[in-house]
Amino acid sequence: MDKPKVLIARKTFDDIVDRLRPHFELECKEDEGAWTQAELIARLQGKTGVYITGTEKIDATLLDACPQLRLISSMAVGYNNVDVAACTARGVLLTNAPDVLTETTADFGFALMMATARRIAESEHFLRRGEWKQWGVTMFAGSDVHGATLGILGMGRIGQAIAKRGALGFGMKVIYHNRSRLAPELEAPLGARWVEKDELLQQADHLVLVLPYSAASHHAIGAAELSKMKKTATLTNIARGGIVDDAALARALAAGTIAAAGLDVFEGEPSVHPELLTVPNVVLTPHIASASIPTRRAMASLAVDNLIAVLTGGKPVTPVNPEVL
Ligand code: GLV
C-alpha cells in the first residue's frame, strides 16, 4: 500500500522530520520562510496531513481546495491562523503544541517585561549610537519589578507560569483577569487575586497579556484601556497581535499615557506599525517568545508525534477539535 503523503510546510529540524519517513511520503519546505497561499494549496494536493506553524493560514478556501486533507498538525500552541469550525465541519482534525512551550514562553514574557521596566533596549540603543558621554543619576531610570503589582490578562498555563516567577522570585503582588477564576489551590501559592478588567488596568504596575486571540479579544487593549492604566505602568504583549490596538499604543507611548511597552507580537506581523518603530519607550522582538532550541525542538517533536499517531490509526496526543474523530 502507498504511504500517506504529508507536507512539511515550514523548514524544521531534519532529525525530527526523519521520524516521519518510515510512515509517510514527505514533501518538505527546504528553505526558510513560508509559501504563498496559492503555492501552499498546490503543494497540498494529494496530501493527507500537513505540518504547519502558527503562521500558515488554514481557511475554508484552502480546505475545500484540498479535500484529501485529514490532519493539520501545528507546532504552535496558538491556532488563530486556523479556522477550527471550518476544519470540524469538514472532518479535518487540528492538533497543536501546548505545554511544551509554557516555561520558555513565560521566561521570555518575564524577560521582556523586565527589559521594558528597566529600559534595557532604549539605553542600549543610546549607547550604540555613541551618545553616552557621562553617567547620570536618573539616566534611564525605570521602574522596579520586584515588589511591584504584576497584572496578568489571561491566566492559562503561560499566565500562571509568569505569575509564579513574579510571586515566588520577585515578591510581586499578582492580580489577574480571566474568563474563569483559578481554583483556590492554584491561586493560593501565588497569592493571585482575580479582579475585574478595569481594576487590573488601574492597579497593575506591569501588565502582561497572555490570552488567546479571537474576535472577543480583538483590541482588548485600545485607547480607552490604556488611559485607565498608571502613567508609570508597562504593558507586555507576548500573546498575539490584534489583542492590542498597535496604533493606539504607539500614540499612548508617545504621549506618556503609560511608561513603556514590550511587544513580541504585532497586528499584521511581520509588518510593525511605523509609529512603534519611532517611539523610544518600546522593546520590539520578532515573535520569539517560545524560541529556545530545546523548546522549538519539543514543539516540532510533538507535531510529529501527532502526525504519526493520527495518520497511523492511533489517538492524537493534543487534539484541538477531537469531536471530529
Ligand atoms: C506561538 O506564538 C505559539 O502559539 O506557539
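This is a predicted model: local features need pLDDT of at least 70, side-chain atom pairs count only at pLDDT 80 or more; totals for chains, interfaces and linings use all residues.
**Entry 1: the whole chain**

I began with the secondary structure. The chain has 13 helices and 12 strands. Next I looked up the radius of gyration, which is 21 Å. The globule rule gives 20 Å for 325 residues, so the chain is as compact as a globular protein of that length. I also took the box along the principal axes. The C-alpha atoms fill roughly 75 × 50 × 35 Å.

Then I checked burial. Of the 325 residues, 49% count as buried. The chain exposes about 15100 Å², and carbon and sulfur atoms supply 56% of that area.

I turned to contacts between residues at least 6 apart in sequence. Of these, 62% join residues at least 24 apart.

Last came the charges. I found 33 positive and 36 negative ones, and their mean positions are 2 Å apart.

**Entry 2: helix 5**

I moved to helix 5, residues 102-117. How far apart are its end C-alpha atoms? They are 22 Å apart, which agrees with the 22 Å that 16 residues should span at 1.5 Å a residue.

I then looked at its cover. Among the buried ones I noted F108, F110, L112 and M113. Buried threonines of this helix include T102, T104, T105 and T116. G109 is on the buried list too. Just after the helix, R119 takes a positive phi of about 60°.

**Entry 3: helix 7**

Helix 7 covers residues 157-170. Its 14 residues reach 19 Å from first C-alpha to last, close to the 20 Å expected. I listed its buried residues as I158, G159, A161, I162, A163, R165, G166 and A167.

What do these buried residues pack against? I found helix 5, the helix of the previous entry, among their partners. The others are strand 6 (149-153), strand 7 (173-177), helix 8 (184-190) and strand 9 (206-209). Just after helix 7, G171 takes a positive phi of about 60°.

**Entry 4: A97**

I finished with A97. Where does it lie? A97 sits in the loop between strand 5 (93-95) and helix 5. Is A97 buried or exposed? A97 is buried, because its relative accessible area is 0%, and the cut-off for buried is under 20%.

I looked up its contacts, leaving out residues up to four places away in sequence. A97 touches S74, M75, A76 and V77, and also M299 and L302. A97 and E32 are 65 residues apart in sequence and 21 Å apart in space, C-alpha to C-alpha.

Key. Residues are numbered from 1 along each chain as its sequence is written. Side-chain values use heavy atoms; hydrogens and water are left out. Helices (H or I, at least four residues) and strands (E, at least two) are DSSP runs, numbered from the N terminus. The radius of gyration is taken over C-alpha atoms; the globule rule is 2.2 Å times the number of residues to the power 0.38. Buried means under 20% relative accessible area, exposed over 50%, partly exposed in between (1.4 Å probe, protein chains only). Contact means heavy atoms within 4.5 Å. Accessible areas come from the Shrake-Rupley method with a 1.4 Å probe; for residues, only the protein chains shown count as cover. Lys and Arg count as positive and Asp and Glu as negative; His and the chain ends are not counted. The place of a charge is taken as NZ of Lys, CZ of Arg, CG of Asp or CD of Glu. The expected span of a helix is 1.5 Å times one less than its number of residues.
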